[in-house]
Amino acid sequence: MDKTKRPLRKSKRSFRRRLPPPIGSGDRIDYRNMSLISRFISEQGKILSRRVNRLTLKQQRLVTIAIKQARILSSLPFLNNEKQFERPESIPKTAGPSIRNK
């Protein structure tokens, strides 16, 4: 049989391994459950996408609502700027040309 006329074979197994869901059946998605909510926020404070989180559509909606409620109630910051509180390094001032009007 020619290589070009070989029939296509589909694999019975899928490529992706099924990973356990990040939210257990006993976990409640609530604005008070900070340990759960903080897993779905990036370092900058953004809500991670559903693809990254591996959540269902319903779970992602509930997580988003819980994060927004926690932000409004000041449990979570809107922005996570750690650089905001750090002191910038002292930059030496350069002696530029001074303009004087006489």
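Ser35 is located in helix H1, which covers residues 34-37. Helices (DSSP runs of H or I, at least four residues) and strands (runs of E, at least two residues) are numbered from the N terminus. The model is predicted: local features require pLDDT of at least 70 and side-chain atom pairs count only at pLDDT 80 or more, while totals for chains, interfaces and linings use all residues. Residues are numbered from 1 along each chain as its sequence is written, and side-chain values use heavy atoms, with hydrogens and water left out.

**Overall organisation.** The chain contains three helices and zero strands, and its elements follow the order α-α-α from the N terminus. Of the 102 residues in the chain, 19% are buried. Here buried means under 20% relative accessible area, exposed means over 50%, and partly exposed lies in between (1.4 Å probe, protein chains only). The chain exposes about 10400 Å², of which carbon and sulfur atoms supply 52%; accessible areas come from the Shrake-Rupley method with a 1.4 Å probe, and for residues only the protein chains shown count as cover. Among the contacts (heavy atoms within 4.5 Å) that join residues at least 6 apart in sequence, 48% link residues at least 24 apart.

**The nonpolar core.** A nonpolar core is a set of buried Ala, Val, Leu, Ile, Met, Phe, Trp, Tyr and Cys residues joined through side-chain atoms within 4.5 Å. The largest one here has 11 residues: Ile23, Leu36, Ile37, Phe40, Ile41, Leu55, Val63, Ala66, Ile67, Ala70 and Leu76. H1 and H3 are the elements that give two or more residues to this core, and H3 supplies the largest share, four residues. In soluble globular proteins, nonpolar side chains tend to be buried together.

Leu55, one of the core residues, belongs to the loop between H2 and H3. Leu55 is classed as buried because its relative accessibility is 6%. When residues up to four places away in sequence are not counted, Leu55 touches Pro22, Ile23, Phe40, Arg50, Gln60 and Val63. The C-alpha atoms of Leu55 and Pro21 are 7.2 Å apart, although 34 residues separate the pair in sequence. Val63, also listed in the core, touches Ile23, Ile29, Phe40 and Leu55 under the exclusion of residues up to four places away in sequence.

Leu62 is found in helix H3 and is partly exposed, with 39% relative accessibility.

**Polar and charged pairs.** A polar contact is a pair of N or O atoms within 3.5 Å; within protein, one must be able to donate a hydrogen and the other to accept it, and residues adjacent in sequence count only if both atoms are side-chain atoms. The side chain of Ser35 makes such a contact with the side chain of Asn33, at 3.2 Å. A salt bridge is a side-chain nitrogen of Lys or Arg within 4 Å of a carboxyl oxygen of Asp or Glu, and the whole structure holds one. Its partners are Asp30 and Arg32, with the closest N and O atoms 2.8 Å apart. Asp30 is buried, whereas Arg32 is exposed.

**Backbone and surface.** Most residues other than glycine have a negative phi. Arg54, in the loop between helix H2 (50-53) and H3, has a positive phi near 60°. Ser74, in the segment after H3, likewise is not a glycine and has a positive phi of about 65°.

Leu73 is placed in the segment after helix H3 (57-72). Together with Ile72, Phe78 and Leu79, Leu73 makes a nonpolar surface patch of about 480 Å². Patches are made of residues with over 30% relative accessible area and no salt bridge; like charges are joined within 9 Å, and nonpolar side chains (Val, Leu, Ile, Met, Phe, Trp, Tyr) within 5 Å.

The table gives the accessibility of residues discussed above.

| Residue | Relative accessible area | Class |
|---|---|---|
| Asp30 | 15% | Asp30: buried |
| Arg32 | 57% | Arg32: exposed |
| Ser35 | 54% | Ser35: exposed |
| Arg54 | 43% | Arg54: partly exposed |
| Ser74 | 63% | Ser74: exposed |
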